[in-house]
Amino acid sequence: ETGFREIQDIYASMYYFFSMGKRDFVKELLVQWIEKVLEDGYCYHNFYWTGKEAGKWSDDGLWLVQAVYRYVEYTGDTAFLKEVYNIPETDGKKRSVYETLKAIINYSGTLSVGQHGLPLIDFADWNDCLKVDPDYLTGKDKKKLTGPIEKYSESVMNGFLLKLALLHMKEMAGMLSDYEYEKVTDKRIGTLSQALQTHAWKGDFFARVLFNRFGNRITYLGANKDGFSSDPDIDGTYFLNSFSWSVLSGEASETQIEIMLDRIEKYLKKEHGFALMSPTDLSKVSKVTATGEYFPGDRENGGIFKHASMMAAAAMTKAAKNVQNHKLAEKLRDFAYFM
């Protein structure tokens, strides 16, 4: 079985396939995912030959934007963006790869957003396993609504994924001389960045989730004083992905990077790598969270999870190249090398 999150594996492998002369194989794999994006921009979460679980996870299509961008960037094959492929559940409609990516951007940034303008967390969020909205909406449910969806939780990580997708789309629009859409993405990047800084930065870390159903009683998960820590010695919870994607999307400032790195060193740096998250108790927001499905330290939750750890190392390497503070750059480099 293949899913949209398995696209991450091709991020690491496509360079080797290119070196082996197997560019067409990478393209064939990408088409497998492209043809599982529905007309409105949400995706089949998993598939063998036919898709299933359409529109239950809001991050799915955003991984595809990164993969196509990498393919085009490294091969120079901009013609791929103009190739047309099937759209599922449409009785034979087709559209270009570029239009498919635009549909994903529209879904994740316009149709599937919450009160603060960030993508909804939906059924469960990536391998942090944050299943906090038991009455989530599917893609088809959202099609019937207009405007921000009031009570559902927003994923800050998906907000960063959306920003990176918009940055990639801006570049690809330029490659195709689509200057009108280039301006659209530029405006959306500014609006999204403002939302992330205003609502997701909590003083010592970017939050992981923004809650909208509990009034002022519970407003966020991740960062200091969120009220979710199950470790009496830590006043808050910390999620590695909030750091990694804030850096990879170019959103985190140098000051924010330095503050977050201190928290990572204190709470997430373990003997064998960076833990995905600090000890967290989500029982006050949901009776059934995916974090309860594994033993402590096993697989993803609270453990050293390989995808998230590699993403953290990549983020630290990126930041080390860009920050002005030389000591901070050295620390970022050393942390990345440690991982």
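How far apart are the end C-alpha atoms of helix H4 (residues 97–111), and what span should its 15 residues have? At 1.5 Å a residue, H4 should span 21 Å. Its end C-alpha atoms are 20 Å apart, which agrees. This is a predicted model.

**Helix H4**

- H4 is largely enclosed by the rest of the structure, because 11 of its 15 residues are buried.
- The buried residues of H4 include Val97, Tyr98, Thr100, Leu101 and Lys102.
- Further along H4, Ala103, Ile104, Ile105, Tyr107, Ser108 and Leu111 are buried too.
- An α-helix has 3.6 residues a turn, so residues three or four places apart point the same way.

**Nonpolar cores**

- The largest nonpolar core holds 89 residues.
- Leu64, Val68, Leu101, Phe243 and Leu332 touch the most other members of this core.
- Helix H6 (residues 156–175) gives the most to this core, with 11 residues.
- Another core, of 13 residues, lies apart from the largest one. Among its members are Ile121, Val132, Val209 and Ile218.
- What does leucine 332 contact, leaving aside its neighbours within four places in sequence? The list is Phe243, Ile257, Leu261, Met316, Ala319, Ala320 and Val323.

- Strand S1 (residues 2–3) runs antiparallel to strand S2 (residues 44–47), and two bridges join them.
- Threonine 2 has phenylalanine 47 of S2 as its bridge partner.
- S2 also pairs with strand S3 (residues 51–54), again in the antiparallel sense, over three bridges.
- A hairpin of three residues links S2 to S3.
- Tyrosine 44 is bridged to alanine 54 in S3.
- Phenylalanine 47 is bridged to glycine 51 in S3.

- Most residues other than glycine have a negative phi, and most peptide bonds are trans.
- Aspartate 91 has a positive phi, near 60°.
- Aspartate 91 sits in the loop between strand S4 (84–86) and strand S5 (94–96).
- Is aspartate 91 buried or exposed? With a relative accessible area of 85%, aspartate 91 is exposed.
- Serine 177 also has a positive phi, near 60°.
- Serine 177 lies in the loop between H6 and helix H7 (179–200).
- Serine 177 counts as partly exposed, because its relative accessibility is 43%.

- Serine 153 is in the loop between helix H5 (139–143) and strand S6 (154–155).
- Serine 153 is buried, with a relative accessible area of 0%.
- Which residues does serine 153 touch, not counting those up to four places away in sequence? They are Pro119, Leu120, Ile121, Val132, Asp133, Val209, Leu210, Phe211 and Asn212.
- Glycine 174 belongs to helix H6. It counts as partly exposed, at 28% relative accessibility.
- Glycine 174 and arginine 70 are 104 residues apart along the chain. Their C-alpha atoms are separated by 15 Å.

**Aromatic rings**

- How many aromatic pairs does a search of the whole structure find? The search finds 21.
- Tyrosine 15 and tyrosine 74 form an edge-to-face pair. The centres are 5.4 Å apart, with 80° between the planes.
- Tyrosine 15 lies in helix H1 (residues 7–19) and tyrosine 74 in helix H3 (residues 60–75), so the pair ties together parts 59 residues apart in sequence.
- Tyrosine 15 counts as partly exposed, at 30% relative accessibility.
- Phenylalanine 211 and phenylalanine 214 form an edge-to-face pair, with 5.7 Å centre to centre and 70° between the planes.
- Phenylalanine 211 is buried, with a relative accessible area of 3%. Phenylalanine 214 counts as buried at 16%.
- Phe18, Tyr71, Phe80 and Tyr85 make up one aromatic cluster.

**Lysines over rings**

- Lysine 269 places its charged end over the ring of phenylalanine 338, 4.1 Å from the ring's centre.
- Lysine 284 lies over the face of phenylalanine 228, at 5.2 Å from the ring centre.

Key
Residues are numbered from 1 along each chain as its sequence is written. This is a predicted model: local features need pLDDT of at least 70, side-chain atom pairs count only at pLDDT 80 or more; totals for chains, interfaces and linings use all residues. Side-chain values use heavy atoms; hydrogens and water are left out. A nonpolar core is a set of buried Ala, Val, Leu, Ile, Met, Phe, Trp, Tyr and Cys residues joined through side-chain atoms within 4.5 Å. Buried means under 20% relative accessible area, exposed over 50%, partly exposed in between (1.4 Å probe, protein chains only). Helices (H or I, at least four residues) and strands (E, at least two) are DSSP runs, numbered from the N terminus. Contact means heavy atoms within 4.5 Å. The expected span of a helix is 1.5 Å times one less than its number of residues. Two strands pair if DSSP finds at least two bridges between them. Rings of Phe, Tyr and Trp (its six-membered ring) pair if their centres lie within 6.5 Å; planes under 30 degrees apart count as stacked, over 60 as edge-to-face and the rest as tilted. A charge sits over a ring if NZ of Lys or CZ of Arg is within 6 Å of the ring centre and within 35 degrees of the ring normal.
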